[in-house]
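Thanks for coming. I will go through one structure, starting with how its parts meet and then turning to the packing inside them.

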Amino acid sequence: MPEPAIQTSGLVKVFGDTRAVDGLDLSVPAGAVYGVLGPNGAGKTTAVRMLATLLRPDGGEATVFGHDVVREADAVRSRVSLTGQYASVDEEMTGSENLILLARLLGHRKPAARERAAELLEAFGLTEAAGRQVKTYSGGMRRRIDIAASILNTPDLLFLDEPTTGLDPRSRNQVWDIVRIVVAHGTTVLLTTQYLEEADRLAQRIAVIDHGRVIAEGTPGELKSSVGSGSIHVRLRDAAERPEAERLLTEALDTPVYLEADPVALTARINGPGDEAAQAARALGRLASAGIVVDDFSLGQPSLDEVFLALTDHPATTAADEAAA
Amino acid sequence: MSTTTTETATPYAPAAETLASVLAPTARPPRPSAWSASMTFGWRSMLKIKHVPEQLFDVTAFPIMMTLMFTYLFGGALAGSPTEYLQFLLPGIMVTSVVMITMYTGVEVNKDIEKGVFDRFRTLPIWRPSTMVGYLLGDVLRYFMASTVILLIGLLLGFRPSGGITGVLGGIALLLVFSFAFSWLWTMFGLLMRNEKSVMGVSMLVMMPLTFLSNVYVDPATMPGWLQVFVNASPISHLVTSVRSLMGGTPDMGEITWVLVSSAVLVVVFGTLTMRLYNRK
């Protein structure tokens with residue numbers, strides 16, 4: 001078996017009373033995208049920071065390409081790059097200055113650094129913005145300069161910490177395309193995300209984490225079949241009809257129905273794969289024949305909330321408790 | 001300045017071939033030397049000055065204010081005339097102003113460390129202290145600018161150092177060496193404190209007594225005995241005596257050695273503490 005890119009066992013990080021990472025066991029194979037899926041405060045960022053040698057673990061072990069992240073931090077640093085949740089470039093400097101600075105720090109001589117910076121700016125569509133301070137960049141441009149900075153020396157392992165949080169759909173698609181190209185080139189990518197859809201589209205394997213621990217691990221297919229392959233989301237006209245709608249949907253789909261915070265909305269999992277649309281149509285038909293008016297419905301992948309509901313029987317904690325990380 | 005640009009004209013679409021070509025594994029260059037990494041971070045400090053020139057305000061306006069204020073406030077009373085007092089005061093006020101502005105180092109480090117770019121620096125395989133050394137190299141340039149401003153204003157007001165150009169440059173050089181070493185105290189506080197306000201608070205608490213309870217403004221012989229003990233032990237007094245002696249053309253080797261040795265001690269002690277905090281942050 002080839003050497004894994006990342007191997008952790010019982011990794012722990014404690015902030016005060018909070019066990020941000022609490023016995024994390026991961027084995028990330030080299031050469032693919034590995035998704036780490038979890039809500040805010042699950043410990044994703046803290047785990048990435050330990051693996052990238054930014055934080056010292058309080059317990060357990062972690063190796064990156066066989067190098068211990070504490071004892072052989074320098075060897076780890078020479079093989080990884082990090083694109084953090086917040087722009088990991090200097091906002092007061094121009095795009096071009098940022099890349100030249102980092103290229104110099106990676107050992108390129110001045111002319112080579114300049115050449116490399118120009119080349120990357122061109123490839124990432126930032127040539128026109130090269131001379132402007134990064135703080136004037138749009139969200140999508142910032143992400144791109146950030147990723148460009150991470151591949152100045154093509155790393156063996158790239159950490160992308162929630163790379164698309166806060167991006168518009170077009171910029172998000174650009175980031176996805178870039179990630180696919182980088183991986184096709186042989187770089188291993190560890191991607192953290194709050195979106196199942198993102199992990200599903202990009203990752204070959206996914207670990208779902210909650211309270212600093214892995215609660216499920218597998219391919220996106222395995223994960224979804226344990227959760228239900230999709231779901232139907234229904235909005236009723238009259239909130240009073242929701243209990244009846246809940247009963248009918250449970251009966252028609254034979255799965256749990258989730259009552260949302262919105263008093264007229266329900267979400268139900270659909271067992272698949274294969275005939276999700278037919279099942280959804282049948283369920284909607286039952287509502288219609290019972291005289292329940294449906295204002296809006298959609299068929300989609302399970303949300304993170306539903307994944308969590310299925311795996312833990314509690315919805316994803318969305319409290320802003322990742323502040324400590 | 002604060003406008004965010006949206007992409008107009010042609011939206012960017014990542015092209016597989018272009019991206020693949022920049023990903024092609026060119027041989028990785030060897031890691032930069034400690035010196036080269038530090039100088040690169042020094043270059044970053046220069047760029048910061050270029051982009052945010054307002055930060056030079058404290059190295060120009062503050063020293064000018066200090067020099068004018070003390071020359072004319074105390075000159076007549078303490079030495080008969082402002083011009084005569086200036087011969088005594090100028091080396092001291094230069095030391096005070098420059099040592100005072102070293103505390104902005106801590107504030108800057110504290111502001112910067114919270115930014116994402118520091119995460120990137122800390123994941124680079126480079127000599128660890130180079131980030132901080134680079135900071136201080138930029139700061140030494142600011143200290144040099146402040147010294148020059150004070151010297152020029154002093155010359156304008158009638159400061160006539162008998163040590164000549166060599167003596168004056170020697171004095172400034174010694175001041176820069178000490179300030180560089182002393183700044184490590186602030187990098188430590190910059191990493192230690194929670195926010196820039198507390199860094200500023202601690203800095204003032206250290207700087208006010210250190211600079212005023214010294215031989216900058218008056219001869220310690222006029223002070224009560226217990227105060228003399230404190231004043232004569234102050235590193236600022238040693239530094240001021242050394243700089244005065246150099247600018248006056250009669251270098252006091254004993255005092256100069258004291259300053260150089262204490263600079264080395266400051267770097268070793270606070271440099272080590274700074275790096276320990278930097279690695280743990």
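**The contact between the chains**

This is a predicted model. The contact draws 44 residues from chain A and 37 residues from chain B. On the chain A side, the elements that each supply at least two residues are α2 (73-77), β6 (80-83), α3 (95-105), α4 (110-123), α5 (139-150) and α6 (169-184). The largest share comes from α6(A), with six residues. By residue class, the side of chain A that touches chain B divides into 20 nonpolar, 14 polar and ten charged.

Next, a helix pair in chain B. Helix α2 of chain B, residues 34-51, packs against helix α7 of chain B, residues 130-157, at an angle of about 45°, and their axes are 7 Å apart. That angle makes α2(B) oblique to α7(B). The crossing of α2(B) and α7(B) is right-handed. Residues of α2(B) in this contact include Ala34(B), Phe41(B), Arg44(B) and Ile49(B), and they meet a set in α7(B) that includes Val133(B), Tyr135(B) and Leu137(B). The residues of the contact of α2(B) with α7(B) divide into eight nonpolar, eight polar and one charged.

Last, the sheet in chain A. Four strands form an open sheet with antiparallel pairing, in the order β2-β1-β4-β5 (chain A). In chain A, β2 (18-28) and β5 (67-68) are at the edges with a single partner strand each, so one side of each has no neighbour in the sheet. Strand β1 of chain A, residues 6-15, pairs with strand β4 of chain A, residues 59-64, in the antiparallel sense over five bridges. Within that pairing, Gly59(A) in β4(A) is the bridge partner of Val12(A).

Notes: Residues numbered from 1 in each chain as written. Chains lettered and ligands numbered in written order. Predicted model: local features only at pLDDT ≥ 70, side-chain atom pairs only at ≥ 80, totals over all residues. Contact = placed C-beta atoms within 7 Å. Nonpolar A, V, L, I, M, F, W, Y, C, P; charged D, E, K, R; others polar. Axes fitted to C-alpha atoms, helices over the stretch in contact; angles between N-to-C directions. Parallel < 35°, antiparallel > 145°, perpendicular 65-115°, else oblique. Left-handed = near helix turned anticlockwise from the far one by under 90°. Pairing = 2+ DSSP bridges.
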